[in-house]
Amino acid sequence: MKKKLVSGMMAVAMMTTLLSGCGNSKTDSTGDAPAADTSAQKTESQPAAEAPAANESTAEADAADAIVTEPTELTFIFADGDDGAKQSMNTIVDKFNDTYENITVTIEPGNGGAYSEFIKTKDSVGEFPDVMEMRDTAVYVRAGKLAPLPDDIVSLFKTTTAFDGVTYTAPLAGENTNGIIYNKTYFDEKGFEEPKTYDEFLTLCQGIQDAGDMSPLVVGGQDIWHMGFWFYKAYNDQVLSQDEDFIKHCYEGTKTFTDDSIKNTFTELQDILQYAQDGWVSTPDAQITTFLVNDMAAMMYSGTHMFSQIEQADPDFEMGWFAVPSPDGKTRLVGGGGASGLAISAEAAQDPNKKAAAEAFIKFFYAPENYCVYCQTLSAIPSTVAEPQLDVSSVFQEVIDATASADKLSPMWNTMTGDNELPPDFRNFTYKTLIEVLQGTRDIDSACEELVKTWNVGMESFNPVTGVGIE
Amino acid sequence: MKQKKGLDKVTIAFIAPAFIFFTLFIIVPTISSVYYSFTSWDGISPNVKFIGLANYKEIFTSARFGNALKNTVILTVFISICENVMALVLALIVDNVRWGKNAFRSAFYLPVLVSGIVSGFIWKIMYNYNFGTFNTILKNIGLEDARQDWLGNTSLTLIMIGLVLIWKGAGYYMIIYLASLQSVSTDLLEAAQIDGATAIQRFRHITIPMISGAFTINFTLSLINGLKVFDQINVMTDGGPGFTSETLVYLLYKVGFNEGRQGFGTAVGIMLLFIIIILNTLQQKFLRSREVQM
């Protein structure tokens, strides 16, 4: 009993802290708060849209209550395996229920550990929720289980993922943005500065190497998914900058992996990874933090999830962050909304009351004063154009700012959907081939040939353009 | 008394459970896998498309299969020979020590009890370039330049995996050699000693022929174990760097279960089955001819 009381008090204290961290107060929600004044830019992948006024909750509440002709109940499921997700979702839902008299959102406990299976089970027993956190979006879109989101919701986000031009999910957070996390103390000591161009970045690496104090870069090449961070950077620079639908064109047969842009991808990676530490091929991702905090390497290229790991490993470590510019001078980052996010069921959307209520709930969820609770709790990069004010570390704020000002935000190539979805495990084959190239056991031409062979085999059983393997 | 022909009900009742289990889980999957090797089945979809010999054609033209086959042969030959030499040496040590026989036997056998996954993790940590045991020792004794990326250097990876397999497997074969050594007649050895044979001559002309049965068993087992190595590769290298340490079994797993190409994976499995049969038959023929009947 005592334990319950203590844990209850701690939960209340935690949420109070989180809420106080969010910049907007109750008055904000009435419309007096800073509106969408963040200079967020729309990315290339999403047509520009005016950021809606940030705080229209009250007006929306009135409008939604007007639309709902009778008291409406919505079931809502999310992956509640994470305490942070659970707390923030409960807070927002409680606030919504308090705000909207005629609408009641009921949270049904999800199963965070096996969420996909949980949703499938709910569907199969006829308990598919009205609103849900959707992860296997492509599967449920193909099954006709999700309702399209209206434009006024889609326009709330920096980027969304569309299926045949239709968006079904409101991304809960921006994709994990990769960038260089560096030893700021060392940089200051040696007079190294954050590079503004790609050439400056290579010069910086060379400078650190010449100084001889530590490796310029630490790379966790033993975990091939870690190689994906670097691969996608170069792929984004060389391939997607030329052709955003390269994968689709490969399915169509109009492009192949012997394309010059793919060869340039390998070349760019050869140029960069010559600065990796000795033994990078057998270094696991779990060890790269150790390299950074122990002055064995000056920089790592990874996502924002590393911030907390670095802080835990050495609370006194002073880190900096910068995005690695592309050779053409643009800044292309992993970020924006992916295919997963909040979705409305197609069945619920057939009921006008439920549809209106569900849309009102999603708008309410992403209003900056509410969405900040979620982002703050989960250290998530906001996916909305109107950025919530977050009480985050300066380095994390730099990432948020970078995603707002980047020339291009996109999800990792292996999370793309529709005609650009990769055949199963092609990603891993590519990364392994990349390691061969970087180790010098295979030349670039031969690597490209191998990719083509594997692609052709994979395409026989999976081709979203022709529909093979999609059913 | 007339002997009853056929099987009675009691016999059938005893045989049935094992027969049904064996048929359902061994015979049927084995036979059906032959069929699946002629399809492009992805392992999940209910649609199974017959593609004739395409998978086998790909096997014979695929550089990845060739690389996996080469790795499998190198690893199998390497560990079959080294494991047996090591096991025999250990058995001779245990057989000849005067004190602590049991302690030695237990110590040498201990690695056999460690699971393949766990041993892979332990050795992976020891092989680590920056923080591993070997490189740390080399650094501490002033041989920093001799440090190696044991699992990252493509010319060392297979050897390093092989050493782990030998470390783990030698104790098992040692027990078989030990049992065989202890059955060698002391009369023969004493007679040879009286006739002036040296220790090496006695070992070569009496002990080795007398334990040739153990050689046959151990080489057969180590050959089969070498051909189906999986755990250590999975944990230590994931078949890498690149595809450097990918063996046939690992290729089968990767393409069949990770790349959604169950048909091709099954074809690799069928090829592996043939390779095991051929190698084992040759080995049995060679080793059996050298066995001495008591």
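User: Where should I start if I want to read what covers a helix?

Analyst: With contact: two residues are in contact if their C-beta atoms, placed from the backbone, lie within 7 Å. This is a predicted model. In chain B, what covers the buried residues of H10(B) includes helix H3 (63-96), helix H7 (157-182) and helix H13 (262-288).

User: Which residues of H10(B) are buried?

Analyst: Ala214(B), Phe215(B), Asn218(B), Phe219(B), Ser222(B), Leu223(B), Gly226(B) and Leu227(B). The helix itself runs over residues 212-227, 16 residues in total. From first C-alpha to last, H10(B) reaches 22 Å, close to the 22 Å expected at 1.5 Å a residue.

User: What box do the C-alpha atoms of chain B fill, and what share of its residues count as buried?

Analyst: Along the principal axes the box is roughly 85 × 75 × 30 Å. Of the 294 residues in chain B, 35% count as buried. For contacts in chain B between residues at least 6 apart in sequence, 71% join residues at least 24 apart.

User: How do I read a nonpolar core?

Analyst: In soluble globular proteins, nonpolar side chains tend to be buried together. Here the largest nonpolar core has 126 residues, and Leu217(A), Met300(A) and Phe361(A) have the most contacts inside it. Helix H9 (residues 224-240) of chain A gives this core its largest share, 10 residues. Domain 1 and domain 2 of chain A each supply at least three residues to this core.

User: Which residues is Leu217(A) in contact with, leaving aside neighbours within four places in sequence?

Analyst: They are Cys205(A), Tyr275(A), Ala276(A), Gln277(A), Ala297(A), Met299(A), Met300(A) and Tyr301(A). A second, separate core has 45 residues, among them Ile79(B), Tyr177(B), Phe264(B) and Val268(B).

User: Into which domains is chain A divided?

Analyst: Chain A is divided into domain 1 (36-174 + 338-393) and domain 2 (179-334 + 422-461). The C-alpha centres of these two domains of chain A lie 33 Å apart.

User: How many residues of chain B are in contact with chain A?

Analyst: 17 residues of chain B are in contact with 17 residues of chain A. By class, the side of chain B that touches chain A has four nonpolar, nine polar and four charged residues.

Methods. Residues numbered from 1 in each chain as written. Chains lettered and ligands numbered in written order. Predicted model: local features only at pLDDT ≥ 70, side-chain atom pairs only at ≥ 80, totals over all residues. Domains from an automatic or database assignment. Nonpolar A, V, L, I, M, F, W, Y, C, P; charged D, E, K, R; others polar. Helix = DSSP H or I, 4+ residues; strand = E, 2+ residues; numbered from the N terminus. Expected span 1.5 Å × (residues − 1). Buried ≥ 20, exposed ≤ 12 C-beta atoms within 10 Å, placed from the backbone. Core = buried A, V, L, I, M, F, W, Y, C linked by C-beta atoms within 7 Å.
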